[in-house]
Amino acid sequence: MKKILDADSDPSLNDSRMGLRDRHRRSIMRLIFGATGSTLVVFAFLQLFNDNVAFALFELVASGVLIFGAFRVESSPHLLRWIHGYLIASFSFFVYIIAMPGASSSAFVWIFIMPILSYLLLGRLAGFLLAVPFMLVGGFFYYLQLEALNNARTMIDLLNPAFCALLTVMFMHLYETRRAEAQDKLVILAETDALTGLPNRSNFQTTLERTVKEAGRSKTPFALVLMDIDHFKRVNDTLGHDAGDEVLRHISGLLSERLRETDFVGRLGGEEFGLILRDVSTPGAFPVVDNLRQRIESNSIFYDAHEVKLTASFGIAYWPKDAEKLHDLYQVADRRLYGGKRAGRNIVAECDEPPHRSSSSAQKNSVIG
């Protein structure tokens with residue numbers, strides 16, 4: 001059996017729903033910190049030439065903090081704090097240079113970068129909530145610096161940046177909405193088995209890892225169940241792979257419809273499936289799993305006028321009774337599954353002793369009727 005613990009997974013896929021993936025945001029923040037810090041050094045010297053010593057010292061200190069951040073943000077566990085700290089400080093500074101007496105007539109252009117940075121680094125909702133208030137405050141101070149709105153020229157000077165800012169927010173909001181929708185579809189494709197519609201091996205692995213951590217915090221037991229369709233290769237060899245695909249979809253439906261909402265089922269590959277039964281302890285999972293075994297045995301399918309009789313074998317491992325570590329727990333369930341198959345198949349094995357089949361689960365000589 002292929003080990004799901006060897007599968008590659010990318011937990012950062014979920015992070016991308018609120019913006020870019022963490023590793024991309026870290027790279028962008030490192031670039032922004034370095035570029036902003038270097039730029040502030042240039043402006044600090046320009047302020048010195050303008051005899052604005054206090055402001056020059058402030059920019060030099062800020063530059064030092066940003067350059068430090070460029071090296072720190074790559075490994076910091078508090079990425080969002082760095083992002084919010086930078087954005088709030090930067091936006092406040094932008095508003096200040098717009099509002100300060102004698103401000104440059106072009107200082108208002110910094111308003112337009114606010115939604116771009118916010119949406120890029122924080123996603124749609126958080127980006128909107130952070131950028132728009134600062135944009136309104138900056139626009140208000142820009143309005144105060146204009147002459148009385150009693151001529152067309154002044155109105156143009158006000159409306160040009162106002163419409164540009166509005167369009168920038170609208171564009172970023174629409175872009176981020178479409179990007180999030182596309183990313184959600186990619187996440188679903190990356191986490192779903194295309195044939196059965198069940199969570200795939202990578203998704204199952206991630207869920208199992210999360211379940212082990214949650215169980216460790218809450219001390220709530222659960223059961224890991226590994227399942228293998230008996231003699232599945234015989235179906236493929238006799239009726240073809242299309243019949244095998246129908247069997248897999250049929251089994252997936254039986255598993256899904258009989259589990260609780262809190263449980264989890266996934267296809268691990270080939271004819272192998274995995275189940276996570278939450279909040280159960282020894283021997284609480286056995287009746288549920290044996291009911292699944294009986295349901296599979298009693299629900300044969302027909303393909304091309306042939307009756308395909310199905311059975312499956314199951315191995316159960318309980319957390320924390322059998323093992324507390326994920327790898328060890330999986331090994332226990334895997335060992336019990338193969339113990340059941342060696343004992344004759346169509347068996348639910350929840351201990352390491354040789355399991356015995358009931359008379360109702362006797363294995364047929366052929367799966368094709």
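I began with Arg-336 and Asp-322, whose side chains meet in a salt bridge at 2.9 Å, N to O; the term stands for a side-chain nitrogen of Lys or Arg within 4 Å of a carboxyl oxygen of Asp or Glu. This pair links distant parts of the chain, with Arg-336 in helix H12 and Asp-322 in the loop between strand S6 (312-319) and H12, 14 residues apart. Helices (H or I, at least four residues) and strands (E, at least two) are DSSP runs, numbered from the N terminus. I noted that Arg-336 counts as buried because its relative accessibility is 7%, where buried means under 20% relative accessible area, exposed over 50% and partly exposed in between (1.4 Å probe, protein chains only).

I reminded myself that this is a predicted model, in which local features need pLDDT of at least 70 and side-chain atom pairs count only at pLDDT 80 or more, while totals for chains, interfaces and linings use all residues. Residues are numbered from 1 along each chain as its sequence is written, and side-chain values use heavy atoms, with hydrogens and water left out.

Next I asked how many salt bridges the structure holds. The side chains of Asp-228 and Lys-341 meet in one of them, at 2.9 Å from N to O. That pair also links distant parts of the chain, since Asp-228 lies in strand S1 (residues 222-229) and Lys-341 in helix H12 (residues 326-342), 113 residues apart. I found both Asp-228 and Lys-341 to be buried.

The other one joins the side chains of Arg-293 and Asp-290, at 2.8 Å from N to O. Because they are three residues apart in helix H11 (residues 285-298), Arg-293 and Asp-290 are separated by about one helical turn. I wrote down that Arg-293 and Asp-290 are buried.

I then turned to the rings and found 16 aromatic pairs, counting rings of Phe, Tyr and Trp (its six-membered ring) whose centres lie within 6.5 Å, with planes under 30 degrees apart called stacked, over 60 edge-to-face and the rest tilted. The rings of Phe-55 and Tyr-96 have centres 5.8 Å apart and planes at 35°, so I recorded this pair as tilted. Phe-55 is buried, with a relative accessible area of 11%, whereas Tyr-96 is partly exposed, at 43%. Lastly, I noted one aromatic cluster formed by Phe-33, Phe-68, Trp-82 and Tyr-86.
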